[in-house]
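Morning, everyone. Let me put the model up, and then we will walk through it.

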Amino acid sequence: MNYAIVGFGAVGQALALALAFAFARRKIEVTVASRRPPEALVPQARAIGPTIVPKALQDAIKADTIVLAVPFWEHRGVAKALTNWHDKIIIDATNAFGVPVEDLGGLPSSAVIAQALPGARLVKAFNHLPAGLLAEDPAVRGGPRVIFLSSDDEGAASTVAALVEQLGYAPVSLGKIAEGGQLVQARGRSWAPLIFQDLFKKER
């Protein structure tokens, strides 16, 4: 399994830090890409660690698992990079805050992204916490910090849940995107009830 993060702003860098820490011993590289050229990402990538490798978008999307950490509508530009996203696991870390509800056609924001990426196995995750918390150690206050997941693909959800645990978090499934996914998505200029909920799984 190989990994990429598309979008290298605050959330993308926080997740890159988490992946670099988790994969350090095995020296697994994580590709990062954004609308900026790869060389522009080098200073931030180097600050995180040698396993974070900036590449062009076309190279980054060759990964098996891709974290989408771009502003919501920028997913359309990413989608144009491939005609078929067959079997790629896409972790949707976006938020549609400020996007008029009518622009989503009555669909959850993650369903809109899934339609733009035909064949992708989409899992909503890592979008309910601000970047500052994602960059912190997830093991605090007596237990691992919770990450909510929702997906229409049980196999992809299981794979991402395992990754979440590997990163030191506690995965909590919210079910399908049309159901639990609504609990972690913005609607217009309103946040869903689980956004910004900094919860922990108490260890026994």
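Predicted model: local features only at pLDDT ≥ 70, side-chain atom pairs only at ≥ 80, totals over all residues.

Residues are numbered from 1 along each chain as its sequence is written, and side-chain values use heavy atoms, with hydrogens and water left out.

Cavities and pockets come from a 1 Å grid over the protein atoms alone. A cavity is a set of points where a 1.4 Å probe fits but cannot get out. A pocket is an open set with protein on both sides within 12 Å along at least five of seven lines. Lining residues have an atom within 4 Å of a point. Grid points are joined across faces, edges and corners, and a volume is the space filled by probe spheres set on the points.

How many cavities of 30 Å³ or more does the whole structure hold? One. The largest cavity holds about 40 Å³ of space. Its lining is L15, L19, V67, I91, F126, L163 and L167. By class, that lining is seven nonpolar, no polar and no charged. For the classes, Ala, Val, Leu, Ile, Met, Phe, Trp, Tyr, Cys and Pro count as nonpolar, Asp, Glu, Lys and Arg as charged, and the others, Gly among them, as polar.

The largest pocket has about 500 Å³ of space. It has 27 lining residues, and G7, A69, V70, P71 and E74 lie nearest its centre. Two elements give two or more residues to that lining: α1 (10-23) and α4 (75-79). Helices (H or I, at least four residues) and strands (E, at least two) are DSSP runs, numbered from the N terminus. Helix α1 gives the most, with three residues. The lining splits into 15 nonpolar, nine polar and three charged.

The second largest pocket has a volume of about 240 Å³. It is lined by 13 residues, and F21, E136, D137, P138 and L167 are the closest to its centre. Which element gives the most to this lining? Again α1, this time with four residues. The classes here are nine nonpolar, two polar and two charged.

On to the surface. F97, W191 and F196 form a nonpolar patch, with about 290 Å² of accessible area together. Patches take residues with over 30% relative accessible area and no salt bridge; like charges are joined within 9 Å, and nonpolar side chains (Val, Leu, Ile, Met, Phe, Trp, Tyr) within 5 Å. Areas come from the Shrake-Rupley method with a 1.4 Å probe, and for residues only the protein chains shown count as cover. F196 sits in the segment after β10 (170-173). Its relative accessibility is 45%, so it counts as partly exposed. The scale is this: buried is under 20% relative accessible area, exposed is over 50%, and partly exposed is in between (1.4 Å probe, protein chains only).

Last, salt bridges. The cut-off is a side-chain nitrogen of Lys or Arg within 4 Å of a carboxyl oxygen of Asp or Glu. The structure holds six.

Take R35 and E74, with their closest N and O atoms 2.4 Å apart. This pair links distant parts of the chain, 39 residues apart: R35 is in the loop between β2 (30-33) and α2 (42-48), and E74 is in the loop between β4 (65-68) and α4. R35 is exposed, at 71%. E74 is partly exposed, at 26%. Remember that E74 is also among the residues nearest the centre of the largest pocket.

Next, K124 and D92, at 3.2 Å, N to O. K124 is in strand β6 (residues 121-124) and D92 in strand β5 (residues 89-92), 32 residues apart. Buried or exposed? K124 is buried, at 2% relative accessibility. D92 is buried too, at 0%.

Then D153 and R121, closest N and O atoms 2.9 Å apart. D153 is in the loop between β9 (146-151) and α7, while R121 is in strand β6. D153 is partly exposed, at 23%, and R121 is partly exposed, at 22%.

One network to finish: salt bridges that share partners join E136, R145 and D198. E136 is also one of the residues closest to the centre of the second largest pocket.
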